[in-house]
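Dear colleague,

Please find below the structure that I am handing over to you, together with its sequence.

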Amino acid sequence: MAIDQKDSLFTLVKSLSKSEKRQFKLYAGRLGGNADANFMSLFNLLDKVNEYEDELIIKKTNIKKEQISNTKAHLYKQILVSLRFNPVHHNVRAQIREQFDFAAILYNKGLYNQSLKILEKAKEVALSNSENNLAYEIVEFEKVIESQYITRSMSNRADELAKQAKKLSLKNVLISKLSNLSLQLYSLLLKEGYVKNDEDSKKVKSYFEKRLPNYKLSELGFREKLFLYKAYLWYSFILQDFVSSYKYSQKWVDLFEEKPEMKIQNPVFYLKGVNYLLESLYLIKHRTKFNKVLDKLSFDIEAENIALNENTKTLIFLYYNQSKLNLYFLEGNFTEGLGFVSNLLDEIKKHETNIDAHHIMVFYYKIACMYFGASKNEECIFYLEKIINNKELKMREDLLCFSRILNLVAHYDAGLDSNIDALIISTYKFLLKMNDLQEVQRKMMSFLKNLGTIYPQDIHKAFIKLHEELSEYEDHPYEKRAFLYLDILSWLESKIQNNSVEFIIQQKAKLLIK
């Protein structure tokens, strides 16, 4: 029987590039006996097949059923060892750890002075690259060696190491507190989205203030500032303070512009910073700056200012394409965007093994919005149903809620209103369950429910009335989030003016976008 294609070994083998496969075969073949070894037979088989099956291994190799588990474990380890030697996977952290291992070998051989020299150089590299945890480990190791090998020329060595250890320890504690706060706020944003009322806002503010450690900005290094800005960014997003989110995402990116070498050493952090800067600019509708940041990202990718590996390539795919979608939304070019969407769907299939379900659902929501803006309502509904019917999606409750709201509107526009009452009831129950039923959603569902009872000659007036009612919430501190997910007002204006949603948004873009 076919096993889940997420089998760890199978996935690892399929992730290898041609050069990595070639290097592994050279590495494994360094000893003549390995050429016919079971683990090599397994590797060659997995490299050729498109799905994993135990039965196929037994049939195509000399591996017995009871040997499969151990052979897989051995092959997995050998591939990782081979990859470790690949220059592509070398970075400062790997180099520091390698030097640490060399120092440990020399220490075990009693060559204390040589060990200390290597550690001192490794420590300098660690400190210059803000690798404080590794620097702390090195200092602790130096203390161990110095306790056995005291040099007369360094009579103050013990005090010097003790001070270094204390300073690094305090730095690491601060970084840990800031990174914990950043992670907890990010988790809160993914789970619940934006604050919904004053009570939510007070809770988030209290949560943030209690956990934000004391600090002096002038005394913070690269990594402390990075996590500080990240924490403030998530805090601003949750509070829907998008000007502040722009401010802190810009500070985040500026850290890397001030130290460009960090784009190579910490490419994931840089890419995430650029992504949230782009998202903030999208939310405050600053198209000029948005285009500049997107162009700069493209330049960094092409100039290889960012370390490229499978992980960063996946992030680049996610962030660049999300931003391209947002640019179409900013300008209201939905019909033009359909060509981009067609290519994007093919690319999503190629990357789906490396992308989590949450990000795929975000893509589907944006794709649904693109079809809705282009008046392709049935296609819009198709992608919304992928989100609504996904029972395993536990994150982004706001995404789940607004997918249902847009689904109602798309059904109405498509003329598929025979079961609209049932859809309204199920949506209403879902929003209540999620504690996400606010005035904008309530008025929308009430309006759609009552449309069937309104005389045709009165529908135009009904659209005008709803537009007037909802316009009051456009700048409301909590209700405005509804308009971030779905431009209800532009939809209503399209009905009132008898124009497409695309035309309405394009006209607004000319006036509003910076």
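**Findings**

C401 is buried, with a relative accessible area of 1%. Please bear in mind throughout that the model is a predicted one.

**Cysteines**

The sulfur of C401 is 14 Å from the closest cysteine sulfur, which belongs to C369, and this is too far for a bond. The number of disulfides in the structure is zero. C369 is likewise in no disulfide, since the nearest cysteine sulfur, that of C380, lies 6.8 Å away, whereas a disulfide would require two sulfur atoms within 2.5 Å. With a relative accessibility of 16%, C369 counts as buried.

**Nonpolar cores**

The largest nonpolar core has 123 residues, and those touching the most other members are F256, Y365, I367, L448, L470 and W491. To take one of these, L448 is in contact with L408, V409, Y412, I424 and W491, when its neighbours within four places in sequence are left aside. Apart from this core lies another, of 22 residues, which includes L16, F24, A37 and L46.

**Helix 1**

Helix 1 spans residues 8–15, and its residues L9, F10, L12 and V13 are buried. Viewed down the axis of helix 1, the buried residues fall within an arc of 160°, so they line one face of the helix. These buried residues pack against helix 2 (18–28), helix 3 (38–48) and helix 5 (68–84). The N-terminal end of helix 1 is capped by D7, a side-chain oxygen of which lies 3.3 Å from the backbone nitrogen of L9.

**Salt bridges**

The count of salt bridges comes to 20. Three of them are described here.

In one of them, the side chains of K296 and E257 meet at 3.7 Å, N to O. K296 belongs to helix 15 (residues 287–302) and E257 to helix 12 (residues 242–258), so the pair ties together parts that are 39 residues apart in sequence. K296 is partly exposed, with a relative accessible area of 32%, and E257 is also partly exposed, with a relative accessible area of 32%.

A salt bridge is also found between the side chains of D300 and K263, at 3.1 Å, N to O. Here D300 lies in helix 15 and K263 in helix 13 (residues 261–265), so this pair ties together parts that are 37 residues apart in sequence. D300 and K263 are both buried.

A further salt bridge joins E347 to K350, with the closest N and O atoms 3.3 Å apart. Both residues lie in helix 17 (residues 334–351), three residues apart, which is about one turn of the helix. E347 counts as partly exposed at 29% relative accessibility, while K350 is exposed, with a relative accessible area of 60%.

**A buried asparagine in a loop**

N333 is located in the loop between helix 16 (310–331) and helix 17. Is N333 buried or exposed? With a relative accessibility of 18%, N333 counts as buried, the cut-off for this being under 20%. The side chain of N333 makes a polar contact with the side chain of E331 at 3.2 Å, and another with the side chain of Q506 at 3.3 Å. Neighbours within four places in sequence aside, the residues in contact with N333 are Y328, M370, E502 and Q506.

**Positive phi values**

Most residues other than glycine have a negative phi.

E304 has a phi near 55°, a positive value in a residue other than glycine. E304 is found in the loop between helix 15 and helix 16, and it counts as exposed at 55% relative accessibility.

N498, also a residue other than glycine, has a positive phi, near 60°. N498 sits in the loop between helix 25 (488–497) and helix 26 (501–512). At 71% relative accessibility, N498 counts as exposed.

With kind regards

Methods. Residues numbered from 1 in each chain as written. Predicted model: local features only at pLDDT ≥ 70, side-chain atom pairs only at ≥ 80, totals over all residues. Heavy atoms only, no water. Core = buried A, V, L, I, M, F, W, Y, C linked by side-chain atoms within 4.5 Å. Buried < 20%, exposed > 50% of the residue type's maximum accessible area, 1.4 Å probe, protein only. Contact = heavy atoms within 4.5 Å. Salt bridge = Lys/Arg side-chain N within 4 Å of Asp/Glu carboxyl O. Helix = DSSP H or I, 4+ residues; strand = E, 2+ residues; numbered from the N terminus. Arc of directions from axis to C-beta. Polar contact = N/O pair within 3.5 Å; in protein donor to acceptor, adjacent residues only side chain to side chain.
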